[in-house]
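Work through the exercises below with the sequence and the model at hand. Try each task before reading its solution.

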Amino acid sequence: MALQLREQGFNAFVIVGGVAAWKKAGKPLEPVPPSDLVKLPTFA
Amino acid sequence: MNNLFSLIAHHEYVLIFAVVLSEAIGLPVPAALALVAGGAAAAGGTLSLPRALATAVTAMLIGDTLLFILGRYMGWSLLGLLCRLSVNPESCVLRSAESFYKRGKTTLLIAKFIPGVNTMAPPLAGSMRMPAQQFLRLDLAGASLYILAYGGLGFLFRDFLAALTRGFQAASHVFGEVLFVAAIAYIFYRFFLYNKNKVYRVVPRVQVEELARKLESDEKEKVMILDVRSHGYYDAKAERIKGSLRIEPNNLSEELKSLPKDKDIYVYCT
């Protein structure tokens, strides 16, 4: 993903370990907003 | 192959059931090969074709339903766990989710034929809240297609397969050739891994502490954090890095239009 961003001219970096490493380091998290959740396809 | 024929002939339905169930729950076993062997055994009269097919379909439905239920209640944590067992954990869920984006519920009809997607489709359907009856109907159809395709192959080409296995026995040098092909395949695999790692090397990586420092400094206005996980959002209780924005990896070309080029963009996908 970061590579694709770079290819499009964005100055992109990868966060090592992602959200798991962020959480482990005690950095602040927030719940995913419902507006983002509804973007997913569902069959309900 | 010959050993598998022999095993199928001796342990019959139990082996078909065990192998198909194992593949359905994500274990790396050759269910397709077992189905071909089962079909050939049925053509030879060793097995009853309807019973063999029913055994395989039942095993697949049990495995798929188990993952469907687990997907419903465990969400992306199960998907993450299953993907850690796959060759490419990062693309594993994305690939399966993309299939659902493109084909919707009909993914379940063809999922069994697509490596990687086959195991992920039932838990994804569960996490996407597909009604159980609809899942069972589609999964039954998909499982039947898969089992009929491979079982039918063995049934129809029994003589050819038997000749093939006799040929393998007679020509011992084939073993050497197989080893040679395997060695070549391994070299290509290592080359693929090397190229993959080379790609990763060209993308700068930052540690959590380094990013946190930037966010606490004057540079924070230049920082944008993007959450590009896909599977993380299958769980309503999912959390993300505070202040990050989500972009949908399956819709990247559209999402890129809204991103600023004057900021440093930090992405995470796990």
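**Exercise 1.** In this predicted model, find the residues of the largest nonpolar core that touch the most other members. Then name the elements that build this core.

*Solution.* 
- Step 1. The core holds 28 residues. Those touching the most other members are B:V20, B:A34, B:L35, B:A40, B:A56, B:M60 and B:I147.
- Step 2. Sort by element. Two or more residues come from each of α1 (2–24), α2 (31–43), α3 (49–74) and α8 (132–156) of chain B.
- Step 3. α2(B) gives the most, with 10 residues.

**Exercise 2.** Describe chain B as a whole: its elements, its burial and the sequence separation of its contacts.

*Solution.* 
- Step 1. Count elements. Chain B has 12 helices and 5 strands.
- Step 2. Check burial. Of its 270 residues, 37% count as buried.
- Step 3. Take the chain B contacts with a separation of 6 or more. Residues 24 or more positions apart make up 72% of them.

**Exercise 3.** Characterise the side of chain A that touches chain B.

*Solution.* 
- Step 1. Count both sides. 36 residues of chain A are in contact with 43 residues of chain B.
- Step 2. Assign the chain A side to elements. α1 (2–7), β1 (11–15), α2 (18–24), β2 (29–31) and α3 (34–37) of chain A each give two or more residues.
- Step 3. Sort by class. This side has 24 nonpolar, 7 polar and 5 charged residues.

**Exercise 4.** Give the strand order of the open sheet of 5 strands, and explain what happens at its edges.

*Solution.* 
- Step 1. Read the order: β1(B)-β1(A)-β5(B)-β2(B)-β4(B). The pairing is parallel.
- Step 2. Go to the edges. β1 (205–206) and β4 (245–246) of chain B each have a single partner strand, so one side of each lacks a neighbour in the sheet.
- Step 3. Inspect one pair within chain B. Strands β2 (residues 223–227) and β5 (residues 264–268) of chain B run parallel and are joined by 5 bridges.
- Step 4. Pick a residue pair. B:I225 has B:Y266 in β5(B) as its bridge partner.

**Exercise 5.** Which strand of chain B is joined to β2(A), and in which direction do the two run, parallel or antiparallel?

*Solution.* 
- Step 1. The strand is β3 (residues 239–241) of chain B, joined to β2(A) by 3 bridges.
- Step 2. The two run antiparallel.
- Step 3. Find a facing pair. A:E30 stands opposite B:R240 in β3(B).

Methods
Residues are numbered from 1 along each chain as its sequence is written. Chains are lettered from A and ligands numbered from 1 in the order in which they are written. This is a predicted model: local features need pLDDT of at least 70, side-chain atom pairs count only at pLDDT 80 or more; totals for chains, interfaces and linings use all residues. Helices (H or I, at least four residues) and strands (E, at least two) are DSSP runs, numbered from the N terminus. A residue is buried if 20 or more other C-beta atoms lie within 10 Å of its own, exposed if 12 or fewer, and partly exposed in between; C-beta atoms are placed from the backbone. Two residues are in contact if their C-beta atoms, placed from the backbone, lie within 7 Å. Ala, Val, Leu, Ile, Met, Phe, Trp, Tyr, Cys and Pro count as nonpolar, Asp, Glu, Lys and Arg as charged, and the others, Gly among them, as polar. Two strands pair if DSSP finds at least two bridges between them. A nonpolar core is a set of buried Ala, Val, Leu, Ile, Met, Phe, Trp, Tyr and Cys residues joined through C-beta atoms within 7 Å.
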